[in-house]
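Please open the model in a viewer and keep the selection tool at hand.

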Amino acid sequence: MGDGYLTSALPDNFALIVRGSQCDKKAVNSQRPVNLDLRTIKLPVTAYTSILHRISGVILFVGIAILLYGLDKSLASEEGFAQVQECLTSPLAKFVIWGLLSALLYHLVAGVRHLIMDMGIGETLEGGKLGSQIVLVVSAIVILLLGVWIW
Amino acid sequence: MVTNVTNFSRSGLYDWMAQRVSAVVLAAYVLFLLGYVVCNPGLGYAEWHALFSNNAMRIFSLLTLVALSVHAWVGMWTISTDYLTPMALGKWATAVRFLFQAACGLAMFAFFVWGVQILWGN
């Protein structure tokens, strides 16, 4: 699902191993050597942006609870709104919100890249690498701006 | 024993499309809300409450909750089927993966109900 740019940069047998449980069995049963120790594989930049997309997604899934709690409290009453405002002045809360919104913005930028790639733009190996680098640079800038806005 | 269950819709293409469509809704909502907060530095309770009492905003928020549920499910399903495998976990992989996916589905359902309560309860 949209990971073609990742697997295209890896050996042919890698895609066979990571996709689908039936392929797992094949890889386990075959006598071919299997190298899935990620510490021994040098990951291309596309792999880093891909795994960051996944990590940020999991962080956001957990973060929904925090965001809903804040929204609930801020809408419940004038006192609740003031409490949320008051809470957001503490350095810890600022850091948590900055972290959550950073995950959100990275996920958004990397997601936009997926949509652009779905249109057939940047699907080559070189295009994929360039796209990943653009995602890293753009999200770094946006996250820095977010930090400036929060503090 | 059943060890291989396909995704919710039993179609990878359908999931792929649902992930993209929900992503666009989520992006629109996030950009709107961030833009609103950035453009209103001295935001007070009255304005904030009025924004979420607006019918259009409630419809947009509910649509976003639906999109979030779809998007989170497809994402967590993809990740769990990629990493919670027999290769990583041995013979308990199917049980662990099932429980993980069930927990994700329950959590997302709870988030959805909570979101609806926030939108119409306040």
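The stops run from a whole chain to single residues, then to the contact between chains and the confidence values.

**Conventions.** This is a predicted model, in which local features need pLDDT of at least 70 and side-chain atom pairs count only at pLDDT 80 or more, while totals for chains, interfaces and linings use all residues. Residues are numbered from 1 along each chain as its sequence is written, and chains are lettered from A and ligands numbered from 1 in the order in which they are written.

**Select chain B.** Chain B contains 5 helices and 0 strands, helices being DSSP runs of H or I of at least four residues and strands runs of E of at least two, numbered from the N terminus. Read from the N terminus, its elements follow the order α-α-α-α-α. The radius of gyration of chain B, taken over C-alpha atoms, is 18 Å, well over the 14 Å that the globule rule gives for 122 residues, so the chain is more spread out than a compact globule. That rule is 2.2 Å times the number of residues to the power 0.38. Along the principal axes, the C-alpha atoms of chain B fill a box of roughly 55 × 25 × 25 Å.

A residue is buried if 20 or more other C-beta atoms lie within 10 Å of its own, exposed if 12 or fewer, and partly exposed in between, with C-beta atoms placed from the backbone. Buried residues account for 18% of the 122 residues in chain B. For contacts, the criterion is that the C-beta atoms of two residues, placed from the backbone, lie within 7 Å. Among contacts in chain B between residues at least 6 apart in sequence, 69% join residues at least 24 apart.

Residues 20-39 are 100% helix and 0% strand, with their end C-alpha atoms 28 Å apart. Residues 99-120 are likewise 100% helix and 0% strand, and their end C-alpha atoms lie 32 Å apart.

**Select B:His71.** The unreviewed UniProt entry lists B:His71 under "binding site". B:His71 lies in helix 3 of chain B and counts as buried, with 24 C-beta neighbours inside 10 Å. Leaving aside neighbours within four places in sequence, B:His71 is in contact with B:Gln19, B:Ser22, B:Ala23 and B:Leu26.

**Move to B:Leu26.** B:Leu26 is found in helix 1 of chain B and is buried, with 22 other C-beta atoms within 10 Å. Not counting residues up to four places away in sequence, B:Leu26 touches B:Thr64, B:Ala67, B:Leu68 and B:His71.

**Select B:Tyr83.** B:Tyr83 is listed by UniProt for "binding site" (unreviewed entry). B:Tyr83 lies in helix 3 of chain B and, with 15 C-beta neighbours inside 10 Å, counts as partly exposed.

**Select B:Ala72 and B:Trp73.** Of the 22 residues in the largest nonpolar core, these two touch the most other members. Such a core is a set of buried Ala, Val, Leu, Ile, Met, Phe, Trp, Tyr and Cys residues joined through C-beta atoms within 7 Å. Helix 4 and helix 6 of chain A, together with helix 1 and helix 3 (55-83) of chain B, each supply at least two residues of this core. Helix 3 of chain B gives the most, with 8 residues. B:Ala72 touches A:Phe61 and B:Met108, not counting residues up to four places away in sequence.

**Select the contact between the chains.** The contact takes 25 residues from chain A and 27 residues from chain B. On the side of chain A that touches chain B, helix 4 gives the most, with 11 residues.

**Colour chain A by pLDDT.** Over residues 1-9 of chain A the pLDDT is below 50, and pLDDT stays under 50 over residues 11-25 of chain A. Where pLDDT is low, the predicted coordinates should not be read in detail.

Methods. pLDDT = per-residue confidence, 0-100. UniProt positions renumbered as here; feature names shortened; annotations may be inferred.
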